[in-house]
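Q: I would like to learn how to read a structure that is new to me, one feature at a time. Could you take me through it, giving the general idea before the case at hand?

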Amino acid sequence: MVTGLLAGGSAVDPLSDPRLYRQLKAKLNPPPHYKLKVAPKRVNMAYVGTWLDAELAKAALSEDMVTIVRETLTNLIASTVNPDPCLVQMTAAGFVGDEAAARISSELWQHLLEGQAEADGIPRRILAAMQLAAQAVQEERAALEKQGRKHKKEKRERRRRRDDDDSSSSSSGSRRRRRKEKKEKKEKRDGRSGSRHKDKEARGGGDKERRRRRREAS
């Protein structure tokens, strides 16, 4: 027995209460593609389930409820040869409300129709969306890696400039020390030269005085 849940928790069993089911179905205003049949065995339900998880999460369901509703809907589809899209929508409405259920069920049925037309059973739009999502993840990872490399390069450049500044400062200090040492050596040389000159003058003056005294004595 297949049972659907309406918003508010009312049970819907088309086998035991077909009149009520017809009344509820008439209120759904189902889209035209609901008239098209789906063969569940020809559809890759794993991909459909992944898409359902994302859509149910948008309806603000908890992670556990997303799993419960996804399993409920996919089992409802896969458990019969001719699944009923209206019953799928009624069941979804019990969890996510009428508006979200109408949107999700309509897109779900379109994906099922697409999937059964493919050799691998994978709905093309779901596959394309997954590929775009994977590409976005790769691009984000590449951007983060590029940013990391740029940060490392800038860090190395700052370290190199700091080392260059330290080296330049050290070289400048060495040059100042060498100039100072050279100046001190020059001053010492000049000092020794001046001292020798004074000694020579003193000796010369003493010789003159001795000659003068000898002349006077004679």
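Q: What share of the contacts in the chain with a separation of 6 or more comes from residues 24 or more positions apart?
A: In this predicted model, residues 24 or more positions apart account for 64% of the contacts in the chain with a separation of 6 or more. Met65 itself lies in helix H3, which covers residues 63-78, and at 29% relative accessibility Met65 counts as partly exposed.

Q: Which pattern does the chain follow when read along the sequence?
A: Read in that direction, the pattern is β-β-α-α-α-α-α-α, and the secondary structure comes to six helices and two strands.

Q: How far apart are the end C-alpha atoms of helix H2, and what span should its residues give?
A: Helix H2 runs over residues 45-58, and at 1.5 Å a residue its 14 residues should span 20 Å; the end C-alpha atoms are 20 Å apart, which agrees with that expectation.

Q: Which residues of H2 are buried, and where do they fall when seen down the axis?
A: The general idea is that an α-helix has 3.6 residues a turn, so residues three or four places apart point the same way. In H2, the buried residues are Met45, Val48, Gly49, Trp51, Leu52, Glu55 and Leu56. Seen down the axis of H2, these buried residues fall within an arc of 165°, so they line one face of the helix. On the other side of H2, Ala46 and Lys58 are exposed.

Q: What can be found at the start of H2 and just after H2?
A: At the start, a side-chain oxygen of Asn44 reaches to within 3.2 Å of the backbone nitrogen of Ala46, while just after H2 the residue Ala60 takes a positive phi of about 65°.

Q: How many salt bridges does the structure hold, and where does the pair of Glu107 and Arg103 lie?
A: The general idea is that side chains of opposite charge can pair when their charged atoms come close. The structure holds nine salt bridges, and one of them joins the side chains of Glu107 and Arg103 at 3.9 Å, N to O. Both residues lie in helix H5, residues 98-116, four residues apart, about one turn of the helix. Glu107 counts as partly exposed at 26% relative accessibility, and Arg103 counts as partly exposed at 34%.

Q: Which helices hold Arg125 and Glu114?
A: Arg125 forms a salt bridge with Glu114, the closest N and O atoms being 2.6 Å apart. Arg125 lies in helix H6, residues 124-217, and Glu114 in helix H5, so the pair ties together parts that are eleven residues apart in sequence.

Q: How far apart are the closest N and O atoms of Glu157 and Arg160, and which residues do salt bridges that share partners join into one network?
A: The closest N and O atoms of Glu157 and Arg160 are 2.4 Å apart in their salt bridge, and both residues lie in helix H6, three residues apart, about one turn of the helix. Salt bridges that share partners join Glu55, Lys58, Arg103 and Glu107 into one network.

Methods: Residues numbered from 1 in each chain as written. Predicted model: local features only at pLDDT ≥ 70, side-chain atom pairs only at ≥ 80, totals over all residues. Heavy atoms only, no water. Expected span 1.5 Å × (residues − 1). Buried < 20%, exposed > 50% of the residue type's maximum accessible area, 1.4 Å probe, protein only. Arc of directions from axis to C-beta. Polar contact = N/O pair within 3.5 Å; in protein donor to acceptor, adjacent residues only side chain to side chain. Contact = heavy atoms within 4.5 Å. Salt bridge = Lys/Arg side-chain N within 4 Å of Asp/Glu carboxyl O.
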